Amino acid sequence: MTDLSCSALRYEYPGGVRALEGVDLVISAGERVAIVGQNGSGKTTLVRHFNGLLRPTEGRVLVGNLDTQTTRIAKLAAVVGLAFQDPDRQIFSGSVEAEVAFGPRNVGLRGAELEASVREALGSVGLDGERQTNPYDLGYSRRKLLTIASVLAMRTPIVVLDEPTTGQDARGIRTIRSIVDRLAAEGRTVIAISHDMRFVSESFSRIVVMRGGRIVSDGTPADAFAEDGWPLLRSTNLEPPFAAVVGARMGLGPTPTDRAVVDALVARSSGVG
Amino acid sequence: MLRLEGVSYRYAGATGKSLRDVDLSLADGEVVGVVGPSEAGKSTLSLVASGLAPRAIGGTLEGRLLIDGEDVSGQPMHELAPLVGICFQNPLTQLSQVADTVFEEVAFGPLNLGIDRIEVARRVTRSVEALGIGELAERDPRRLSGGQIQLVAVCGLLAMEPRHLVLDEPTAQLDPEGKRLVSDALLSLAAKGTAMIICEHDTDLLAQVCSRIVALDAGQIALDGLTAEVLANPRLEELGVQPPAPVSLRRALDRAGLKVALPA
C-alpha cells in the first residue's frame, strides 16, 4: 500500500515567493482527503509535490518508499496521477482518445490493457462518444472531465484532483462524486483541492485546512465544520456549508451535509415521540 | 441598455446553432444571472453579448446586438470596448501577457481605452483594494495561484468601468471571501449604472447579486424571471443546474417528510 507523507516541507518559488512554510502531513493508502483554504494558501503547490512536479526546498516528501527529491517524475507518475486545475495547461493532443491514452502508454500499458483503461476512463466521465473529437471542440467543463479521465486511465494508486468541480453543472458534480466513491471503493487514495464546501463535506472523510502555506486544521467534515471551528475557517477565507450553519442554529450539533441535518431532525423527533 | 434581439449563433465549422432565438434585454444597472447545464450556450451568449462573436471569432450571427438602442454590428472592437467588457471563463486567457506586475496588468485595459494616466492609477488602486489584492500589486500576474489570477482578471475589468459587463463564471476558482469581494464590487459597479450578465454555476452567488435569472437549455431560453422564483423552480434541477444550498436542503427535508421551519 502506498502512503504519502510530507515532513517539514517548505517550498520557495524561483523569485522568492514562499508558498509552503513547513507542512507535516501523512495520508494513508485509501483515504479520501479534501484540501481547502484561501486563494494562494499553498494548496496547488502542496499537491504538485506529490508527483514530483515540484521538489521540496526543505523537508521531505515520501510516496510509499520513494523520496520525491531523488525519484524521476516518470517513476512517480505511475504512482500519483494529478489532474490540473486549468485543463488548458494539461491538454495537448489532437483527439480525446489520444489525450487519454498518452498517460497509460507512458507508464507501459499496451494493446488490450491500454484500450481497456482508455475505455473505462472515458466511460466514467461520460466522454465515450467523443473519442475522435478534438479536445478544444469540447466546452470547458468537458475539457476538465477529460483531464480527470486522463489521470484515471493511468490507474495510479493515488489520484489527485485540483478543483475538480470548477465549471461543472449538477450532473458533472454527480459524475465527479461517483468517481471519488469508486476510487475509494477500489482502495485508491483520492485527494482533492476544492472551494466547494458542499462537495468536500459530502464526498470526503478528512478535511485539511490550509492558510499561508501551513496546515491549520485536519479532521473529519463534522470536526472541520463544527461551530467552534468557524473562526478558523473564516481566518482562511472559508465559510461553513449552509447545512452546518442551519444545524448549529437549530441546536442539532455538527451537520456538515443536508443528509446530516435530515438525520439529526429525524433522530430528534423520534426521541421526542 | 444592452439588448439581444432574436439572436441565433453558429460557430464557424459547426453543424448546429449554439444559440437559438435568444431575446434578452438589460436596463442600465440591471444584473442578470445566466444558468444552465454545461454547453447550454452560456459562454456563447457571453461572446455574442460582448460583440466578440462573430466580430473576433467568425461564425454566423442572426438577429441583432443593440447598445442603447443602436445596432452595433458594424462597429469596430475598439469602439465597442468601453461599452461592453467581457470576463473570460479561463482567467489566464484574460491576462495581457505583457504586464510584469499586477498593477500594470490591471492598468492595461483602462490605458488602452486612452484614459488619462493619473485617472488610471486612481482606478487601479481603487479596484485592487476593492478585491483585497493590494499586497499582490508588485507580483508577476503569470505566477499567481489560479484564484489570484481570477481576481486580477476581474480587477482589470472593474478598472475599465465599462457601461456593460459580461462575466463568464467570474468566481469559479475563488474562495468564499474572494467571491464576496467580487460580488460587492460588481454590485457597486451596477449601482453606478453598469448593466451585467453573469454566467455562473454558483447559484448561491447569483441569489445574492442578481435581480433576474435566465436559464438556458440547448441554446434557448428555458426560464426567465425573478431570482427567487427561478432558483426555486424544480425545472432548474431537471435542467442540470444545482440549486442554491437553502433550496437543496429544503427539498431534502421535504423528501424526508420533515415539516420544519429553517432559520433565516
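I began with helix α6 (residues 170–185) of chain A, which has 16 residues and reaches 22 Å from its first C-alpha to its last, close to the 22 Å expected at 1.5 Å a residue (1.5 Å times one less than the number of residues). The model is predicted; local features need pLDDT of at least 70, side-chain atom pairs count only at pLDDT 80 or more, and totals for chains, interfaces and linings use all residues. Residues are numbered from 1 along each chain as its sequence is written, and chains are lettered from A and ligands numbered from 1 in the order in which they are written.

I listed the buried residues of α6(A) (20 or more other C-beta atoms within 10 Å of their own, C-beta atoms being placed from the backbone): Ala170(A), Gly172(A), Ile173(A), Ile176(A), Ile179(A), Val180(A) and Leu183(A). After α6(A) comes Gly187(A), with a positive phi near 85 degrees.

I then turned to the helix pair between the chains. Helix α10 (residues 242–249) of chain A packs with helix α11 (residues 245–255) of chain B at about 65 degrees, their axes 9 Å apart. Phe242(A), Ala243(A) and Val246(A) make the contact with Ala245(B), Pro246(B) and Leu249(B) (C-beta atoms, placed from the backbone, within 7 Å). I noted six nonpolar, no polar and no charged residues there.

Last, I traced the sheet of chain B. Its six strands form an open, mixed sheet in the order β6-β7-β8-β3-β9-β10, where pairing needs at least two DSSP bridges. The edge strands are β6 (84–87) and β10 (220–226) of chain B. Six bridges join β9 (residues 212–217) of chain B to β10(B), antiparallel, and Asp217(B) stands opposite Gln220(B).

Note on methods. Axes fitted to C-alpha atoms, helices over the stretch in contact; angles between N-to-C directions. Helix = DSSP H or I, 4+ residues; strand = E, 2+ residues; numbered from the N terminus. Contact = placed C-beta atoms within 7 Å. Nonpolar A, V, L, I, M, F, W, Y, C, P; charged D, E, K, R; others polar. Buried ≥ 20, exposed ≤ 12 C-beta atoms within 10 Å, placed from the backbone.
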